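Subject: Structure handover

Hello,

Here is the structure you asked to take over. Please open it first and then read the notes below it.

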Amino acid sequence: MVRMPGPSIISCAGDGVNGGAYWVALGRAVVIESIRIAAGAVGWWNWEQMSLGKQLEVGRRNQSKDFRRRLLGWYDRHARDLPWRESRDPYRVWLSEIMLQQTRVAAVIEHYHEFLRRFPTVERLAAAREASVLAAWSGLGYYRRARMLHAAAKVVVREYGGEFPATAAGLRELPGVGRYTAAAIASIAFGEPVAVVDGNVERVLQRMLGERLAGEAMWDAASSLLDGKRPGDFNQAVMELGATVCTPRAPACLTCPVVEMCATRGELGGAAKLAPQKKREIHYALDRRKGSVFLVQRPRDASLMAGMWELPEVEGGNGASSPSFTLRHSITVTDYTVRVWRDATPSCLRGKWIPLERLGRVALTGLARKILQKAEMP
Ligand code: SF4
């Protein structure tokens with residue numbers, strides 16, 4: 001049996017000798033465990049001959065390796081079967097990463113195939129009209145992303161001959177591609193060893209380390225754990241763990257592959273309480289005549305969903321005692337109760353009668369599409 005090193009080593013780790021705050025934060029039990037394993041690996045005699053700094057270094061390396069092995073093993077067995085994981089084609093990886101920003105996976109799955117059917121290559125996307133791109137994006141929200149996607153496709157075709165830059169630094173030159181997205185595409189599509197940090201990664205690492213890291217310290221922590229041989233899989237594995245096991249509320253620690261290395265094994269104490277959702281009621285008029293529906297266009301300079309088409313918003317029913325139907329809709333921090341009234345459009349309102357068969361090609365807001373679907377207008 002391997003004899004444990006003396007307690008002085010542990011207390012030195014706590015003082016940060018060669019260890020740094022990052023590893024100290026892993027917690028005493030974890031450090032003891034990693035040193036025990038490391039000592040076993042090198043043999044006890046050799047271990048005792050090592051300097052304290054060398055012992056800590058070996059312990060750290062061992063700890064990172066074990067974390068990567070457990071996490072990737074779990075990911076290989078349990079990763080969700082998502083359509084964008086079938087390919088490492090940078091166009092598809094890029095598209096999925098942009099779609100997944102601020103949008104649920106289920107909603108992205110619905111739109112991903114259809115978007116690729118309409119625009120199967122970056123060249124086809126670059127050549128499309130903006131209205132067609134926005135129409136294909138309809139339902140995903142945050143339409144600025146679609147405009148940036150379109151602009152970036154044009155840059156890739158015009159300046160890079162249709163080939164995406166193969167590094168995170170090169171990808172950041174594209175419109176709408178920030179640090180996270182560039183690292184995600186570079187690691188997944190091109191195997192560049194760069195770490196990602198998003199909300200899921202932050203939560204997992206903060207709980208693992210028992211420390212509220214932020215900014216560059218968080219990027220450093222993610223980079224130091226990264227698996228250099230499988231960077232894309234590793235990045236996806238940490239995000240997958242955050243999305244399915246280490247969830248914001250009630251993490252499923254009993255099924256977590258790295259539970260033995262986790263400093264908190266639960267939510268990090270002192271977490272700020274989530275702000276309660278605001279409630280709002282809004283009313284829309286739904287007018288249908290001769291196979292067309294009346295829609296209005298949002299101003300071109302609107303801060304949200306500029307230029308998109310929607311049903312006219314009204315004060316309330318046009319003398320009717322109850323709405324035709326009601327539905328719920330949430331946008332970021334607001335939960336809307338949406339009441340829809342038939343034949344309530346004020347006659348002075350400027351808009352257009354759009355034939356129902358053309359609706360699929362119109363850039364509708366997500367809420368407008370939801371209302372029309374509920375009213376069974378395709
Ligand atoms: S043990 Fe729990 S808190 Fe720690 S990483 Fe796993 S799921 Fe998250």
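**Helix 14 and the rest of the model**

Please start with helix 14: on the face turned away from its buried side, this helix carries the exposed residues Gly-215 and Glu-216. Keep in mind that the model is predicted.

Which residues of helix 14 are buried? They are Ala-221, Ala-222 and Leu-225, in a helix that runs over residues 215-225. Looking down the axis of helix 14, these buried residues fall within an arc of 95°, so they line one face of the helix.

Helix 10 can be read in the same way. This helix covers residues 144-160, which is 17 residues. At 1.5 Å a residue it should span 24 Å, and its end C-alpha atoms are 23 Å apart, which agrees. The buried residues in helix 10 are Ala-146, Leu-149, His-150, Ala-152, Ala-153 and Val-156. Seen down the axis of helix 10, they fall within an arc of 165°, so they too line one face of the helix. What do the buried residues of helix 10 pack against? Their partners are helix 6 (90-100), helix 8 (122-127) and helix 9 (130-137). Arg-158 and Glu-159 are exposed, on the face of helix 10 turned away from its buried side. After helix 10 comes Gly-161, which has a positive phi, near 60°.

There is also a ligand. Around it are 14 residues, of which Cys-246, Pro-251, Cys-253, Cys-256 and Cys-262 come nearest. By type, the residues of this shell divide into 10 nonpolar, 2 polar and 2 charged.

As for the whole protein, it contains 16 helices and 8 strands. It has 378 residues, and 34% of them count as buried. Of the contacts with a separation of 6 or more, 67% are between residues 24 or more positions apart.

Last, the confidence of the prediction. The mean pLDDT of the protein is 82, and 79% of the residues reach 70 or more. Among the elements, helix 8 has the highest mean pLDDT (98), and helix 1 (residues 7-15) has the lowest (29). Over residues 1-33 the pLDDT is below 50, and this stretch has 51 contacts in the model beyond near neighbours in sequence. Residues 41-45 are also below 50 in pLDDT, with 6 contacts beyond near neighbours in sequence. Where pLDDT is low, the predicted coordinates should not be read in detail.

Regards

Technical notes. Residues numbered from 1 in each chain as written. Predicted model: local features only at pLDDT ≥ 70, side-chain atom pairs only at ≥ 80, totals over all residues. Near = placed C-beta within 6 Å. Nonpolar A, V, L, I, M, F, W, Y, C, P; charged D, E, K, R; others polar. Buried ≥ 20, exposed ≤ 12 C-beta atoms within 10 Å, placed from the backbone. Helix = DSSP H or I, 4+ residues; strand = E, 2+ residues; numbered from the N terminus. Arc of directions from axis to C-beta. Expected span 1.5 Å × (residues − 1). Contact = placed C-beta atoms within 7 Å. pLDDT = per-residue confidence, 0-100.
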